[in-house]
Amino acid sequence: MITGKMFRDGVISASNNIANSRSEVDALNIFPVPDGDTGTNMSMTIGAAAKEMAVLPDDCTIGDASARCASALLRGARGNSGVILSLIFRGFSKGFKGLETADSKAVANAFELGVKAAYKAVMKPKEGTILTVARGASDKAKELCEDGADDLEQFLGTVIEHARYVLSQTPEMLPVLKQAGVVDSGGQGLVEVLSGA
């Protein structure tokens, strides 16, 4: 089970991880415009949530922690990638609403809600971006639950591993990435966030 404290600490760790790899993620940024700010935007976005998480007590529920996190992310969202990240976490908060703790089924459901919200918010969703990486992770989570996965550590590890695999495929989906020889920067940022958490 993921407790509120684990979620809180995971968000803080995710923020540290993307902050540490911010310049590498910025360097990948060529789509939709090569402005080199994806890592910075995602880092600033989740950094706002980490500040909010730092004041939560150890006995917070996952419902409360995820709601506070989603609210802070929305207020602190910077750039397209930051907004998409905030929507993914808003889905988490909807999925965890009213829960004390979350099992793998709750995580899979929350991920699915987040991916749906993110896709809905983008007028013309492009495959080969952060959206594709998020959906790949969500689909893997759902598939693992259907197969009866209940070891949370193994479940989360497999979901993140699959997100990395989908990220590695993004140049095959977006010719501009293949031409530049890079993976999608938003997708890379999401992988940093998830693995940090």
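## Basis

The structure is a predicted model.

## Helix α6 against helix α7

Helix α6 spans residues 104–121 and helix α7 spans residues 130–146; the two pack at an angle of about 150 degrees, and their axes are 9 Å apart. Angles over 145 degrees count as roughly antiparallel, so α6 is roughly antiparallel to α7. The crossing of α6 past α7 is left-handed.

On the α6 side, the contact is made by S104, K105, A108, F111, E112, V115, A118 and Y119. The α7 side supplies L131, T132, A134, R135, A137, S138, A141, K142 and C145. Sorted by type, the residues of this contact between α6 and α7 are 10 nonpolar, 3 polar and 4 charged.

Helix α10 (residues 185–196) packs with helix α8 (residues 152–173): their axes come within 10 Å and cross at roughly 165 degrees. That angle makes α8 roughly antiparallel to α10. The two helices cross in a left-handed sense. The contact of α8 with α10 divides into 5 nonpolar residues, 3 polar and 1 charged.

Helix α10 also packs with α7, at an angle of about 40 degrees and with the axes 7 Å apart. This arrangement makes α7 oblique to α10. From α7 come I130, V133 and A134, and from α10 come G186, G187, L190 and V191. The contact of α7 with α10 has 5 nonpolar and 2 polar residues, and no charged ones. A134 of α7 takes part in the contact with α6 and in the contact with α10.

## Aromatic residues

The count of aromatic pairs in the model comes to 5. In the pair of F7 and F96, the ring centres are 6.1 Å apart and the planes stand at 80 degrees; planes over 60 degrees apart count as edge-to-face, so this pair is edge-to-face. F7 belongs to helix α1 (residues 4–20) and F96 to helix α5 (residues 79–96), so the pair ties together parts that are 89 residues apart in sequence. Both partners are buried: F7 has a relative accessible area of 10%, and F96 has one of 3%.

F89 and F92 form another edge-to-face pair, with 5.2 Å from centre to centre and 75 degrees between the planes. These two residues lie in helix α5, 3 residues apart, which is about one turn of the helix. F89 is buried at 8% relative accessibility, and F92 is buried at 9%. One aromatic cluster is formed by F7, F89, F92, F96 and F111. F111 is also one of the α6 residues in the contact with α7.

## Two buried serines

S81 is located in helix α5. Its relative accessible area is 10%, so S81 counts as buried. Leaving out residues up to four places away in sequence, S81 touches T38, N41, M42 and I130.

S43 is in helix α3, which covers residues 38–54. S43 is buried as well, with a relative accessible area of 10%. Residues up to four places away aside, S43 touches I18, A19 and R22. The C-alpha atoms of S43 and C145 are separated by 30 Å, and the two residues are 102 residues apart along the chain. C145 is among the α7 residues in the contact with α6.

## T3 before helix α1

T3 sits in the segment before α1. T3 is partly exposed, with a relative accessible area of 28%.

Which residues does T3 contact, leaving aside its neighbours within four places in sequence? They are I62 and T101. T3 and D59 are 8.5 Å apart in space, C-alpha to C-alpha, and 56 residues apart in sequence.

Technical notes
Residues are numbered from 1 along each chain as its sequence is written. This is a predicted model: local features need pLDDT of at least 70, side-chain atom pairs count only at pLDDT 80 or more; totals for chains, interfaces and linings use all residues. Side-chain values use heavy atoms; hydrogens and water are left out. Axes are lines fitted to C-alpha atoms, for helices over the stretch in contact, and angles run from 0 to 180 degrees between N-to-C directions. Helices (H or I, at least four residues) and strands (E, at least two) are DSSP runs, numbered from the N terminus. Angles under 35 degrees count as roughly parallel, over 145 as roughly antiparallel, 65 to 115 as roughly perpendicular and the rest as oblique. A crossing is left-handed if the near helix is turned anticlockwise from the far one by less than a right angle, and right-handed if clockwise. Contact means heavy atoms within 4.5 Å. Ala, Val, Leu, Ile, Met, Phe, Trp, Tyr, Cys and Pro count as nonpolar, Asp, Glu, Lys and Arg as charged, and the others, Gly among them, as polar. Rings of Phe, Tyr and Trp (its six-membered ring) pair if their centres lie within 6.5 Å; planes under 30 degrees apart count as stacked, over 60 as edge-to-face and the rest as tilted. Buried means under 20% relative accessible area, exposed over 50%, partly exposed in between (1.4 Å probe, protein chains only).
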